[in-house]
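Hi,

Here is the structure I promised to pass on. Have a look at it first, and then read my notes below.

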Amino acid sequence: AALREFHRRGMARTTLAHIARAAGVTRGAIYWHFAGKQALFRAIRESVSLPLLDRSDLTLLREQAGDPLTRIGAFCKELSRACEEERDTRRAYELMSFKCEYVGELAAERQAMVVNSDRLRNALESAYRQARVQGALRADIEPAVAALETLAFLSGLMRLCLLDDGRIRMRVQAAAVIDAHVEARRAHAPSRVELPTRLTAGPRRRAARAR
C-alpha cells in the first residue's frame, strides 16, 4: 500500500493516513511495524535492492563456469526484464529515481544507495577480472574501469527505460544495447574506433556545392 501511495503522490505528499486508508488499517497498526515513512521507504528499497544484489552475487561471482562477459550481459538483461515485466519493481525504481528527495529524513537512504552501488561495482569488477584471466577482456581496458563503466551504463539504461513512453525506444532495444555494451569489451573488439577528421557534407550541402 505504501508503494502504491508513494508512487501515486510522491514521497513528500504522501501521509501515513493515506497509506493506512489504502491498506485498510489504522495508523496505529502501521506504527506497530514501522517507525514512519522513512522506515516504509527503506522496506520498499530493500525489497528491490537486496534481491538485485543477491542476484548479482550469484550471477557475477558464484557462477564461475562459462564466459564472465556473458554473465555480465545476462545480469543486465535480467535487471531490465524485471523492470519491464514486474509492476512493483518498476514502481519502486520510479519512486527511488523520480518521486522522492534524499534530504532530511531520507538523507540516510542516499548513503545506503552508495553502499549498494559499491557492492555491485565489486561484483562487476570480480567478473571482469575473471574475464581478464581468461583472455576475454580487451587488453586496453582495466577491470576496475570496466566495472565503473558498466555501473554507469546500468544507471543510465534503467533511467531511460523508466522514462521511455515509446519515443526513446530504450525498452524495446534494451537487450540489443546491452549486447553492444558487453561485446565492445571483448578481446576481439577493436581497441579504438577511427573517426572521420571532419563531418561528411549532407545531400543538400553537396548539391549546393555542385550548383
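I'll start with a pair of helices: α1 (residues 2-9) packs against α6 at an angle of about 50 degrees, and their axes are 10 Å apart. That angle makes α1 oblique to α6. The crossing of α1 past α6 is left-handed. Please keep in mind throughout that this is a predicted model.

As for who touches whom, α1 brings Leu 3, Arg 4, Phe 6 and His 7, and these meet Asp 88, Arg 91, Ala 92, Glu 94 and Leu 95 of α6. By type, the residues of this α1 and α6 contact come out as four nonpolar, one polar and four charged.

A bit more on α1 while we are there. Its buried residues are Ala 2, Leu 3, Glu 5, Phe 6 and His 7. Is His 7 buried or exposed, and why? The cut-off for buried is under 20% relative accessible area, and His 7 has 18% relative accessibility, so His 7 counts as buried. Setting aside neighbours within four places in sequence, His 7 is in contact with Arg 91, Glu 94 and Lys 99.

Helix α6 has another partner, α5. The axes of α5 (residues 68-85) and α6 (residues 87-98) come within 5 Å and cross at roughly 100 degrees. Angles of 65 to 115 degrees count as roughly perpendicular, and α5 and α6 are therefore roughly perpendicular to each other.

Apart from neighbours within four places in sequence, Tyr 93 is in contact with Val 48, Leu 52, Leu 79, Cys 83, Met 158 and Leu 162.

That takes us to the inside of the protein. Which residues of the largest nonpolar core touch the most other members? The core has 50 residues, and the ones with the most such neighbours are Phe 6, Phe 41, Leu 60, Ile 72, Tyr 93, Leu 120 and Leu 157. At least two core residues come from each of α1, α2 (16-23), α4 (37-62), α5, α6, α7 (107-134), α8 (143-163) and α9 (170-183). The biggest giver is α8, with nine residues. As general background, nonpolar side chains in soluble globular proteins tend to be buried together.

One more residue to look at is Leu 151, which lies in α8. Leu 151 and Ser 117 are 34 residues apart in sequence, yet their C-alpha atoms are 7.9 Å apart in space. Leaving out neighbours within four places in sequence, Leu 151 is in contact with Ser 117, Leu 120, Arg 121 and Leu 124.

Finally, the overall view. The chain has ten helices and zero strands. Of its 211 residues, 40% count as buried. Among contacts in the chain with a separation of 6 or more, 65% are between residues 24 or more positions apart.

Cheers

Technical notes:
Residues numbered from 1 in each chain as written. Predicted model: local features only at pLDDT ≥ 70, side-chain atom pairs only at ≥ 80, totals over all residues. Heavy atoms only, no water. Axes fitted to C-alpha atoms, helices over the stretch in contact; angles between N-to-C directions. Helix = DSSP H or I, 4+ residues; strand = E, 2+ residues; numbered from the N terminus. Parallel < 35°, antiparallel > 145°, perpendicular 65-115°, else oblique. Left-handed = near helix turned anticlockwise from the far one by under 90°. Contact = heavy atoms within 4.5 Å. Nonpolar A, V, L, I, M, F, W, Y, C, P; charged D, E, K, R; others polar. Core = buried A, V, L, I, M, F, W, Y, C linked by side-chain atoms within 4.5 Å. Buried < 20%, exposed > 50% of the residue type's maximum accessible area, 1.4 Å probe, protein only.
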